[in-house]
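Q: Could you take me on a close look at the sheet in this model and the helices that pack on it? I would like one connected walk through that part.

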Amino acid sequence: MQNSQYEQQYKQKVINFFNSRTTYDNDYTIHRALPLLELIQLQKGQKVLDMATGTGIIAIAAAQIVGFEGKVTGVDFSSGMLAQARQKIEELGLQNIELIEADAEYVNFNDESFDVILCSTAIAYFKDIPAALNKWYHFLKNGGVVGFSCCSEKSCEAPLIIEVCDQHGILLTNINEQIGTPEKCHQLLAEASFQDIEVKIQQLGFYRSLEQARDWNGEWFNPRENPLSQVSAEQMTELKADYRKKIEAKATKQGVWYENLTFFVTARKV
């Protein structure tokens, strides 16, 4: 499939962003990933596909569960993330994980290749989520399970950036818009023919210091459009200043709340 010039630039920006995160693993990133495995009872000998595997947090945990009779395939297009994953896999001596450097949105596998497909916190970055879910449906064996996690559309910095830009006549679309409510997640999976759909909700938000929260670098992630790429340096300075003012107005004694209402979504191919 031919990618548009914008999509190529967007994907490269995502790659650069994750390649720069050389100390990705911490209590927070691990804590928000592993609940998927608590919802999906993996079995010895199963074949698992981990889309956008990153540093392999989910893939490694899954490999330890499915054992040497099973296999985990992790796909990611960030060479930096995969390098961290490979180091951990080597240190643990795991022999049942294969890592593939590829765009998880476009990589292909044979039909009915996997018992379980997982995607932790990354599905929002996909340009065409319905198409991805349809592919995953075909990759799964009958009775197979899909599980992904995502944030509400009111989470992270996006809503405040959207508000600031709207006041300047710049209309932005939230990257979490397609999967930003439990109802939207349910509908997308139902349209892809999945059944037994469940959405578990956890609040993973926390307080940040004002110093951490108030500076926005002007970046905007959206796989379909980015009007901010067209603004002048002068206007971007104004946007950043307005963003800072709004963050400062939200500060409390505890700091600035970082909303992260997370959906853990599972469904079955019947």
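A: Contact here means heavy atoms within 4.5 Å, and angles run from 0 to 180 degrees between N-to-C directions. Keep in mind that this is a predicted model.

With that in hand, let's begin at the sheet. It is an open sheet of 7 strands in the order E3-E2-E1-E4-E5-E9-E6, and its pairing is mixed. Strand E3 (97-101) and strand E6 (195-203) are the edge strands, each pairing on one side only. On average, neighbouring strands are turned by 15° against each other, with direction ignored.

Now for two of the pairings. Strand E2 (residues 71-76) runs parallel to E3, and 5 bridges join the two. Asp-76 has Glu-101 in E3 as its bridge partner. Further along, strand E4 (residues 114-120) pairs with E5 in the parallel sense over 6 bridges; here Phe-114 has Leu-140 in E5 as its bridge partner. Strand E5 (residues 140-151) has 9 of its 12 residues buried, so the rest of the structure largely encloses this strand.

Next come the helices. H4 lies across strand E1 (47-51), E2, E3 and E4, and runs at about 170° to E2. H5 also packs on the sheet, where it touches E2 and E3, and its direction makes about 165° with that of E3.

How do these two helices sit against each other? Helix H4 (residues 57-66) and helix H5 (residues 79-92) pack at an angle of about 25°, and their axes are 10 Å apart. Angles under 35 degrees count as roughly parallel, so H4 is roughly parallel to H5. Their crossing is right-handed. On the H4 side, Ile-57, Ile-60 and Gln-64 take part, meeting Ala-85, Lys-88, Ile-89 and Leu-92 of H5.

Finally, two loop residues deserve a glance if you care about backbone torsions. Ala-52, in the loop between E1 and H4, has a phi near 55°, a positive value in a residue other than glycine. Ala-52 is partly exposed, at a relative accessible area of 22%. Cys-156 sits in the loop between E5 and helix H7 (158-166). The phi of Cys-156 is positive too, near 65°, and this residue is likewise not a glycine. With 27% relative accessibility, Cys-156 counts as partly exposed.

Key: Residues are numbered from 1 along each chain as its sequence is written. This is a predicted model: local features need pLDDT of at least 70, side-chain atom pairs count only at pLDDT 80 or more; totals for chains, interfaces and linings use all residues. Side-chain values use heavy atoms; hydrogens and water are left out. Helices (H or I, at least four residues) and strands (E, at least two) are DSSP runs, numbered from the N terminus. Angles under 35 degrees count as roughly parallel, over 145 as roughly antiparallel, 65 to 115 as roughly perpendicular and the rest as oblique. A crossing is left-handed if the near helix is turned anticlockwise from the far one by less than a right angle, and right-handed if clockwise. Buried means under 20% relative accessible area, exposed over 50%, partly exposed in between (1.4 Å probe, protein chains only). Two strands pair if DSSP finds at least two bridges between them.
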